[in-house]
Amino acid sequence: MVKYDIAKKFNLSGEIDSITPYGEGHINDTFLVTIKNSSAQYILQRLNTKIFSNYRGLMDNIQKVTSVLYNIVQSQGGDVDRECMRLIPTLDGKSYYTSGSDCWRVYLFVKDTVVYQVIDSPDVFENTGEAFGKFIARLDGFDANTLCEVIPNFHNTVDRYNKFLTAIEQNKSNRAQFVKEEIDFVKKRADKLSVIVDALNSKQIPLRVTHNDTKINNVLIDRTSGKAICIIDLDTIMPGSLLYDFGDSIRSGCNTALEDEKDLSLVDFDINLYEAYCRGFLRGIGEKITDKELEMLHIGAIIITLECGIRFLTDYLDGDVYFKTQYADHNLVRCHTQFKLVEKMESQSQQMLAIARKCKNNI
Ligand code: ADP
Ligand code: GN1
Ligand code: MG
C-alpha cells in the first residue's frame, strides 16, 4: 500500500496535499503530511517492526502515557497541541494501522519548532534539561507495572555486553579483525558495566517510568523562545532508570560535534554544557530525585555513552542490521565518537559529580 493510501486511513482534517520524508531518526520512517488549503500538518510514521516486534504493546504504552501527560498539561493551563504528543486515531478509532507486516501511526505535527543535532546554546540545553526533568517528575506517580517492556533489556548494559561478545564470536560481517582496539576498549571497562543494573537490582536507586531515548533530537524546541516544549519519540517509554535518561541527553548534547563526526579532533565533551543541563534537569525534577541518583548522575552519562558505543560496534560486527546507516563504516564512525566521549568524561568524572552537587544546592 502506498503512503498516501495509508495516511487516508487516519482521521485527518482534510484532503492530503503532500507526504515528504522528515527528520533524522535512526529507527522509524518519518514523513510530514500537509493538507490541501489548510495549515494542518501531521507526522506519519512507519514503525520499525523488526525492532519493535511488540508494536501493539508499544502503542498501548504510548496511548497510556500521552493521555496522562495530556491531562497534566491541560490542568497546568498549557497548550495541549504543542506540549504533548497527540496521536491521531484511524477512521475506526484505533491508535495505529497495520498493512502486511508494517505498522503506521499519525501524530499532530508540532509547528514552529526546531530540533538540534548539535547544541550551540547553553540556554537551550538548560531548557532541554528542565523539560526532561519535568517529564520524569510528571510520570512519577505512574505505575511502571502497567507498561510493557517494549524492548527487553534495552538498557541492561550487562546484557548489551554479552550480546557484544556474541557478535565478536559470530563475526557475521567478517570485520572483527579490523576493530581489535575498539574491542579492547570495551573489554577493559567490562567490570564497570553493571553498576547501574546492580544499583537497580539492589534497590539503591528506584525503577521509574522513563523515556529511555533522551537524545537531543527527541525534544522539540520552540523556534522563537528557545524553550524545550515537547518531548517526542516515546517508543521506548518503559520501566527504567533516571540515570540513563539524564545520561543520554549528556551523551548527545555535550558532544561538541555530531554523533557521526569523522574528524575525531572535533569531538569533545563540553563541561559547561554539562553544567547547564544539570541545572535545568535538577530544577525540572525537583524533589523527586533521590540522593543516590544525584550522586550517580555522572556515572549515568558515562555508562550510557559506553553502552551506545558498544551498540554501534555490535551492529558493525553484525553487519549493520539495527541502526540506519548511510555508508559502510557509519556504525564504526559513530562508535569512535562515543568512545572518545567516554574517555573525556572519565577524566572529568569528579568535576561532573561536583557540578551536580552544586546545581542541586543552588536550586
Ligand atoms: P525515530 O524513532 O526514528 O528517531 P522520531 O519519532 O524521533 O523517530 O522522529 C524523527 C524526527 O521527526 C524527530 O527528530 C523530529 O525532528 C521529527 N518529529 C517527530 N514527531 C514530530 C512531531 N509530532 N512534530 C514535529 N516534528 C516531529
Ligand atoms: C536510536 O530512534 P532514535 O534515532 O531517536 C536508538 C537509541 C540510540 C540512538 C543513538 C529504539 O534513537 O537507543 O541511543 O539511536 N533507538 C532505539 O543515536 O534503539
Ligand atoms: Mg528520534
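Reader: In this predicted model, which side chain has an N or O atom 2.5 Å from an oxygen atom of ligand 2?

Author: Look at Y322. An N or O atom in the Y322 side chain lies 2.5 Å from an oxygen atom of ligand 2. The protein also covers 97% of the 440 Å² of accessible area that ligand 2 has on its own.

Reader: What are the distances for the side chains of E259 and D213?

Author: Take E259 next. An N or O atom of the E259 side chain is 2.8 Å from a ligand 2 oxygen. For D213, the corresponding distance to an oxygen of ligand 2 is 3.0 Å.

Reader: How many residues surround ligand 2?

Author: Count the shell: 17 residues. The closest are H26, K215, E259, R311 and Y322.

Reader: How do the shell residues divide into nonpolar, polar and charged?

Author: Sort them by class. The shell around ligand 2 has 7 nonpolar, 4 polar and 6 charged residues.

Reader: Which helix gives the largest share of that shell?

Author: Helix α10, residues 291–318. Its share is 3 residues.

Reader: Helix α10 also packs with α5. How are two packed helices described?

Author: Two values do it: the angle between the axes and the distance between the axes. Now the case here. Helix α5, residues 157–170, packs with α10 at an angle of about 25°. Their axes are 9 Å apart.

Reader: Are α5 and α10 roughly parallel or roughly antiparallel?

Author: Use the cut-off. Angles under 35 degrees count as roughly parallel. The angle here is about 25°, so α5 and α10 are roughly parallel to each other.

Reader: Is the crossing left-handed or right-handed?

Author: The crossing of α5 and α10 is left-handed.

Conventions. Residues are numbered from 1 along each chain as its sequence is written. Chains are lettered from A and ligands numbered from 1 in the order in which they are written. This is a predicted model: local features need pLDDT of at least 70, side-chain atom pairs count only at pLDDT 80 or more; totals for chains, interfaces and linings use all residues. Side-chain values use heavy atoms; hydrogens and water are left out. A residue is near a molecule or strand if one of its heavy atoms lies within 4 Å of it. A polar contact is a pair of N or O atoms within 3.5 Å; within protein, one must be able to donate a hydrogen and the other to accept it, and residues adjacent in sequence count only if both atoms are side-chain atoms. Accessible areas come from the Shrake-Rupley method with a 1.4 Å probe; for residues, only the protein chains shown count as cover. Helices (H or I, at least four residues) and strands (E, at least two) are DSSP runs, numbered from the N terminus. Ala, Val, Leu, Ile, Met, Phe, Trp, Tyr, Cys and Pro count as nonpolar, Asp, Glu, Lys and Arg as charged, and the others, Gly among them, as polar. Axes are lines fitted to C-alpha atoms, for helices over the stretch in contact, and angles run from 0 to 180 degrees between N-to-C directions. Angles under 35 degrees count as roughly parallel, over 145 as roughly antiparallel, 65 to 115 as roughly perpendicular and the rest as oblique. A crossing is left-handed if the near helix is turned anticlockwise from the far one by less than a right angle, and right-handed if clockwise.
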